[in-house]
Each structure stands twice: as structure tokens, then as C-alpha cells.
Amino acid sequence: MSTIGLYSTLYARLAECAKLLDQTLIELKQQQENASRDISDQQKKLGHLLIGLAKKSSDLDVQLLITLLQDSPKKNMAEWARLGQALLENKVAQSDILKLEKLAKSLEYERANTFARMRGNNA
């Protein structure tokens, strides 16, 4: 696979994860305002994705996030799994939303760097 192909594939995966995270964050914030209790498919998918971090699942999106969070201690991976379980149970605290927002910022940073690499810049 060419370098551009590798970066474009990585960019697409990052964009997909970022979209899932953004949609879930929007829904969680709307839930807080409207006291809605339904769990969306995106919230379930993100919950399972975060639980997969602690299990080191072979899912490509899980592997991508593990790589992104590779500097995090193992204890932190267990915290992501706890957050994933909170998403599945629809028991998300404000501090959990802040953690998800921080992860969203990390994904956006990586996506921008990947795009720069695709264009031939050394980001």
C-alpha cells in the first residue's frame, strides 16, 4: 500500500471514530437538557468500543484508539472501559462527558496531522 493510501485509510478511520464520538456527545448533552432516557445506537457502539480498549479487542477502531491512547497507563484503559459501561447503562456523569470531549479533541488533532501527512507536510 502506498503512503498516501495508508494515510487516507487512517484518516477515514479517524473521521469515522470522531463522527461517532461527536454524535454521542451531542445526544448526551441533549439528554441532560431534556431528561430523555433512550440510548441511541451511536451511544451503544461507542460504549462497546470503549469497553474493547481494556480487552484489547482486535476491532480496527479499538486498535486505532489504543494506538492514540498508547501513552496512557493500563489503569486509564480500565477507566475508559468503565466509561463505556456507563454509556451502555445510560449513567453518564458530567465528568464522563468531559473525558469524551478530551478524547474528541485528541482524535481531531490526529486527524489534522494525518491530513497534513497526506498532503506531504511533515506534521
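Q: Which residues does Leu-50 touch, leaving out those up to four places away in sequence?
A: Leu-50 touches Trp-80, Ala-81, Leu-83, Gly-84, Leu-87, Leu-100 and Leu-103. Bear in mind that this is a predicted model.

Q: And which residues touch the most other members of the largest nonpolar core?
A: Leu-50 is in that group, along with Leu-21, Leu-46, Leu-53, Trp-80 and Leu-100. The core has 26 residues.

Q: Which elements give two or more residues to this core?
A: Helix H1 (3-34), H2, H3, helix H4 (74-89) and H5 do.

Q: Which one gives the most?
A: H1, with 7 residues.

Q: Back up a bit. How many helices and strands are there in the protein?
A: There are 5 helices and 0 strands. Along the sequence the pattern reads α-α-α-α-α.

Q: What share of the residues is buried?
A: Buried residues account for 35% of the 123 in the protein.

Q: Of the contacts between residues at least 6 apart in sequence, what share joins residues at least 24 apart?
A: That share is 67%.

Q: Now helix packing. At what angle do the axes of H2 and H3 cross?
A: Roughly 65°. The axes of H2 (residues 41-55) and H3 (residues 60-68) come within 9 Å.

Q: Is that crossing left-handed or right-handed?
A: The crossing of H2 and H3 is right-handed.

Q: Which residues meet there?
A: From H2, Leu-49, Gly-52 and Leu-53 meet Asp-61, Val-62, Leu-65 and Ile-66 of H3. By class, this contact has 5 nonpolar, 1 polar and 1 charged residues. Leu-53 is also one of the core residues that touch the most other members.

Q: Switching to Thr-24. Where is it?
A: Thr-24 is in helix H1.

Q: Buried or exposed?
A: Thr-24 is buried, because its relative accessible area is 0% and the cut-off for buried is under 20%.

Q: What is Thr-24 in contact with, leaving aside neighbours within four places in sequence?
A: Gln-42, Gln-43, Leu-46 and Leu-87. Leu-87 is also touched by Leu-50.

Q: Tyr-11 is in which helix?
A: Tyr-11 is in H1. Its relative accessibility is 26%, so Tyr-11 counts as partly exposed.

Q: What does Tyr-11 touch, not counting residues up to four places away?
A: Tyr-11 touches Arg-111, Thr-114, Phe-115 and Met-118.

Q: Next, the loop between H4 and H5. What is phi of Asn-90?
A: Phi is near 60°, a positive value in a residue other than glycine. Asn-90 lies in the loop between H4 and H5.

Q: Is Asn-90 buried or exposed?
A: Asn-90 is buried, with a relative accessible area of 6%.

Q: Val-92, where is that one found?
A: Val-92 is also in the loop between H4 and H5.

Q: Why does Val-92 count as buried?
A: Because its relative accessibility is 19%, and buried means under 20%.

Q: What does Val-92 touch, again not counting residues up to four places away in sequence?
A: Leu-28, Gln-43, Ala-86, Leu-87 and Ile-97. Val-92 and Leu-28 are 64 residues apart in sequence, and their C-alpha atoms are 8.0 Å apart in space. Gln-43 and Leu-87 are also contacts of Thr-24.

Q: How about Gln-85, which helix is that in?
A: Gln-85 is in H4. At 34% relative accessibility, Gln-85 counts as partly exposed.

Q: How far is Gln-85 from His-48, C-alpha to C-alpha?
A: The distance is 7.7 Å, and the two residues are 37 apart in sequence.

Q: Last one, Ser-106. Where does it sit?
A: Ser-106 is in helix H5 (residues 94-118). Ser-106 is partly exposed, with a relative accessible area of 29%.

Q: How far apart are Ser-106 and Ala-18?
A: They are 88 residues apart in sequence and 9.3 Å apart in space, C-alpha to C-alpha.

Technical notes. Residues numbered from 1 in each chain as written. Predicted model: local features only at pLDDT ≥ 70, side-chain atom pairs only at ≥ 80, totals over all residues. Heavy atoms only, no water. Helix = DSSP H or I, 4+ residues; strand = E, 2+ residues; numbered from the N terminus. Buried < 20%, exposed > 50% of the residue type's maximum accessible area, 1.4 Å probe, protein only. Contact = heavy atoms within 4.5 Å. Axes fitted to C-alpha atoms, helices over the stretch in contact; angles between N-to-C directions. Left-handed = near helix turned anticlockwise from the far one by under 90°. Nonpolar A, V, L, I, M, F, W, Y, C, P; charged D, E, K, R; others polar. Core = buried A, V, L, I, M, F, W, Y, C linked by side-chain atoms within 4.5 Å.
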